[in-house]
Amino acid sequence: MKSFRIDPVIVIAVLALMILGTVMVYSASAVRAGRDMGDSAFFFKRQLFFSIMALLTMVIVSLIPYKIWITGAAPLLILTVGLLGVVLSPLGHTANNATRWLKLGPFSIQIAEFAKLVVVIYLARYLGGRGDDVRRDGTILMKPILILALILGLVVLEPDLGTAIFLGILGFAILFVGGVPFGRLVGLGCASIPVVVFLVMDKGFRIQRIQAFLNPWKEYEGSGFQLVQSFLAFGDGGVLGTGLGGGKSKLLFLPESHTDFILAVVGEELGFVGVAIVLALFAVLVARGMKIARNAPDNFGSLLAAGMTLMIGLQALINCMVVVGLLPTKGLPLPFMSYGGSSLLASAIAIGVVLNVASTESAA
C-alpha cells in the first residue's frame, strides 16, 4: 500500500463547487431570508457552517482505510433501515406535507441522503466478493434487490418518490458496473415500471408534476409555475448573465431558488458561461472518480469508488435535467451547491471515500 496522498483534481473541483455554491446560496436566498428570518444572511451563514463541517468530514473520512467499510456495511445497513423507520414514527419531523427529517436541536437530518451512501457501500461489498458469479447466477441478485426494495419502500412512505427513484437508478447503475448483465437489469427495470406508475397515479400532486413537465406553460398559474420561472431565469441570463446579485428570479419569483433550483440562479446571474463552468467541474469530478475506480487495487475498492462517483454524478445530471425541463421535478439537490446540510455532508463523505481509494490506487 502506498503512503496516503490527496488527489488534487478532486479536491480543487469540490472546493470550487462548494465556494460557488455558498456564494450562490446567499445571492438566491437573501431576499427570502430577510423577509422570513429577519436576517438576509441567515441561509448563507448556515450553508457556510455546513460547508466547513463537510470539509472537515471529508478530510476525516479520507483518512479511514476504505476496507473498513466491508465490515461496516451490515451495521450501517441495519442502522439506516432503523432510522428510516424512526423518521416515519411520531419522532419524525414534518414539513411541506412530508416527513423526511429527524430533528437534532436547531438542525434537521434527512436520513434518505445518507441511505444513498449505505446503498453504495452495501452493494460494493456484496458484489465485490462474488466476482463472475453475478454474471452467471441470477439468483445472487435476490438478496440485494429485496434489501434495496425495503429501503425504497421506506423512502416512498415519507413520501419522497424522487429520492426513491434515484436510489433505484443508483442501485441499478452499481449492479451494472459490478458485472450484472444489462439484459437482466432491463428486465428488473421493466418489472418496476408498473409500481412507479401506480405510485405516481396514487398521489394527485405527482400527476400535477407530470402535467407541468409535459406542458409547463399551460400549468403556469399552478404546478408549472416553478419550471416556467426557471426557464425565464435561464433566458434572462443569456451568455454572460445579469451579474452576481443582479437576478430577479430570487425576488420571490422562483420557488426553491436556493435549494433544488439553484442552477437556474447560476444561469441567470452568471449566464451560460457560469453554467458551463459548473457542468465542467462535475464532469472533471466524475471523470477523475471513475479513473480512480479503474485503478483501485481490488474489486471492492473499484466498486466503492465508482458507486460514490455515480452517486454524485447521476444526482447532478438529474438536477440539471430537471431545472431545464428535461425531467419532471423530483426534489433532488445539486451536490455541493444546493442549500442543505444533509446533502452536503453525504456528498462530502462520498468524496472522502473516493479520496481514500485514490490514495491506494495501483496507478496514477
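Reader: Start with F50 and Y339. Buried or exposed?
Author: F50 is buried, and Y339 is buried as well. Keep in mind that this is a predicted model.

Reader: How are the rings of F50 and Y339 arranged?
Author: Their centres are 6.0 Å apart and their planes meet at 50 degrees, so the pair is tilted. The pair links distant parts of the chain. F50 is in helix 2, and Y339 is in the loop between helix 12 (299-323) and helix 13. They are 289 residues apart.

Reader: What about Y66 and F300?
Author: Y66 and F300 form a stacked aromatic pair. The centres are 6.2 Å apart, with 20 degrees between the planes. This pair also links distant parts of the chain, 234 residues apart. Y66 sits in the loop between helix 2 and helix 3, F300 in helix 12. Both residues are buried.

Reader: How many aromatic pairs are there in the whole structure?
Author: Eleven. There is also an aromatic cluster made of F42, F43, F49, F50, F107 and Y339.

Reader: Back to helix 2. What length should it have, and what does the model give?
Author: Helix 2 covers residues 42-62, which is 21 residues. At 1.5 Å a residue it should span 30 Å. Its end C-alpha atoms are 30 Å apart, so the two agree.

Reader: Which residues of helix 2 are buried?
Author: F43, Q47, F50, S51, A54, M58, V61 and S62. They cover an arc of only 110 degrees around the axis, so they lie on the same side of helix 2.

Reader: And what do they pack against?
Author: The buried residues of helix 2 pack against helix 1 (8-36), helix 3 (68-87), strand 3 (107-110) and helix 13 (341-358).

Reader: Change of topic: the strands. How do strand 1 and strand 2 pair?
Author: Strand 1 (residues 92-95) and strand 2 (residues 98-104) are antiparallel, with four bridges. G92 has L102 in strand 2 as its bridge partner. The two strands form a hairpin with two residues between them. In that turn, N96 has a positive phi of about 55 degrees.

Reader: And strand 2 with strand 3?
Author: Also antiparallel, joined by four bridges. L102 has I109 in strand 3 as its bridge partner. This hairpin has two residues between the strands, and G105 takes a positive phi near 65 degrees.

Reader: What touches L83?
Author: L102 and I111, leaving out residues up to four places away in sequence. L83 itself is in helix 3. Its relative accessibility is 29%, so L83 counts as partly exposed.

Reader: Now the core. Which residues touch the most other members?
Author: In the largest nonpolar core, which has 106 residues, they are I151, L285, L304, M308, F336 and I351. Helix 12 gives the largest share of this core, 15 residues.

Reader: What is L285 in contact with?
Author: I10, A13, V14, L17, T309, I312, F336 and I351, setting aside neighbours within four places in sequence.

Reader: F336 keeps coming up. Where is it?
Author: F336 is in the loop between helix 12 and helix 13. At 1% relative accessibility, it counts as buried. Its phi is positive, about 70 degrees, although F336 is not a glycine.

Reader: Why flag a positive phi?
Author: Because most residues other than glycine have a negative phi.

Reader: What is the phi of E256?
Author: Near 55 degrees, a positive value in a residue other than glycine. E256 is in the loop between helix 10 (225-237) and helix 11 (262-294). With a relative accessible area of 34%, E256 is partly exposed.

Reader: And the peptide bond from E158 to P159: cis or trans?
Author: Cis, with omega near -5 degrees. P159 is in the loop between helix 6 (142-156) and helix 7 (161-177).

Reader: Last one. Is S347 buried or exposed?
Author: Buried, because its relative accessibility is 4%. S347 lies in helix 13. It touches M311, I312, P335 and F336, not counting residues up to four places away in sequence.

Note on methods: Residues are numbered from 1 along each chain as its sequence is written. This is a predicted model: local features need pLDDT of at least 70, side-chain atom pairs count only at pLDDT 80 or more; totals for chains, interfaces and linings use all residues. Side-chain values use heavy atoms; hydrogens and water are left out. The expected span of a helix is 1.5 Å times one less than its number of residues. Buried means under 20% relative accessible area, exposed over 50%, partly exposed in between (1.4 Å probe, protein chains only). The arc is that of the directions from the helix axis to the C-beta atoms. Contact means heavy atoms within 4.5 Å. Rings of Phe, Tyr and Trp (its six-membered ring) pair if their centres lie within 6.5 Å; planes under 30 degrees apart count as stacked, over 60 as edge-to-face and the rest as tilted. Two strands pair if DSSP finds at least two bridges between them. A nonpolar core is a set of buried Ala, Val, Leu, Ile, Met, Phe, Trp, Tyr and Cys residues joined through side-chain atoms within 4.5 Å.
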